[in-house]
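Thanks for making time this morning. I would like to walk through one model with you, taking the pockets, then the helix packing, then some backbone details.

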Amino acid sequence: MSFRAQVLTLFPEMFPGPLGLSLAGRALAQGTWSLDVTNIRDSATDRHRTVDDHPAGGGAGMVLKPDVLAAAIDAAPHVGPRLLMSPRGAPLTQALVRELAAGPGCLIVCGRFEGVDERVIERRNLREVSIGDYVLSGGEPAALVLLDAVVRLLPGVMGSQASGIEESFEDGLLEHAQYTKPNSWEGVEIPQILLSGDHRAMARWKQERREALTRARRPDLWQSYKAGKI
């Protein structure tokens, strides 16, 4: 069974976007995963196809209406968890990406305006997910990021499953520096250890570099790694 992604959005033309290219696009064409995109506006019932209204209690902006969004969610086949891309959500981590990739699929709601009526989040059991501590115009770019991360982990998508073993976050550390030919470029040489053919020494060098980079750039990850939490 292929992984099934269902996206609810006010801008369906944004999909598949980059997901139609490279590894994800090839996997999509081969049926390794499928993408169903639904326009939330199709669930509006008034002649103006209204999807938003003013926030209760006052405030700037508009809020997605609960009846319209809930109808769109209810009309979608239930496959896997229901996610809401939201800046207040739990951070997207590689652990969550692996969890999703191991499942049958997911439904992703792309928020817009000032957000989504809280009652929909509670009543439809939406799991809020954030891709970072910043605010986007809508959840569509975040959904593309999440799906790209998930799809590449599906069986057969990457040329070699070993490609992901030493990547950043897979074991709580950042990835080591990478080099390729020419061996000398602008007077800078590839570290000789990587040209030595000594696989044990190279593995040790890579691990040391990963630890040093993580310690310097992401002390939060380093502390978790050292504490054995990842």
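The largest pocket in this predicted model holds about 660 Å³ of space. Pocket here is a term with cut-offs: on a 1 Å grid over the protein atoms alone, a cavity is a set of points where a 1.4 Å probe fits but cannot get out, whereas a pocket is an open set with protein on both sides within 12 Å along at least five of seven lines, and lining residues have an atom within 4 Å of a point. Grid points are joined across faces, edges and corners, and the volume is the space filled by probe spheres set on the points.

Lining the largest pocket are 24 residues, and Leu92, Thr93, Gln94, Ala95 and Phe169 lie nearest its centre. Two or more lining residues come from each of β5 (82-91), α3 (94-101), α5 (140-151) and α7 (219-226), with α3 giving the most, namely four residues. These elements are DSSP runs numbered from the N terminus, helices being H or I of at least four residues and strands E of at least two. By class, the lining has 11 nonpolar, seven polar and six charged residues, where Ala, Val, Leu, Ile, Met, Phe, Trp, Tyr, Cys and Pro count as nonpolar, Asp, Glu, Lys and Arg as charged, and the others, Gly among them, as polar.

The second largest pocket holds about 450 Å³ of space, and of the 27 residues that line it, Met85, Ser86, Pro87, Glu114 and Gly115 are the closest to its centre. Here β5 gives the most to the lining, with five residues, and the classes divide into 13 nonpolar, eight polar and six charged. Glycine 115 itself sits in the loop between β6 (105-110) and α4 (118-123); leaving aside residues up to four places away in sequence, Glycine 115 touches Met62, Val63 and Leu64, contact meaning heavy atoms within 4.5 Å.

Before going on, a word on conventions: residues are numbered from 1 along each chain as its sequence is written. Local features need pLDDT of at least 70 and side-chain atom pairs count only at pLDDT 80 or more, while totals for chains, interfaces and linings use all residues, and side-chain values use heavy atoms, with hydrogens and water left out.

Turning to the helices, how do α3 and α5 cross? Their axes, lines fitted to C-alpha atoms over the stretch in contact, with angles running from 0 to 180 degrees between N-to-C directions, come within 8 Å and cross at roughly 70°. That makes α3 roughly perpendicular to α5, since angles under 35 degrees count as roughly parallel, over 145 as roughly antiparallel, 65 to 115 as roughly perpendicular and the rest as oblique. Val97, Leu100 and Ala101 of α3 meet Leu146, Ala149 and Val150 of α5, a contact with six nonpolar, no polar and no charged residues.

For α6 (residues 199-217) and α7, the axes come within 5 Å and cross at roughly 125°, which makes α6 oblique to α7. The residues of this contact divide into five nonpolar, two polar and three charged.

Finally, the backbone. Most residues other than glycine have a negative phi, and most peptide bonds are trans. A cis peptide bond joins phenylalanine 15 and proline 16, with omega about 0°, and the bond from lysine 181 to proline 182 is cis as well, with omega near 5°. Serine 22, in helix α1, has a positive phi near 55°.
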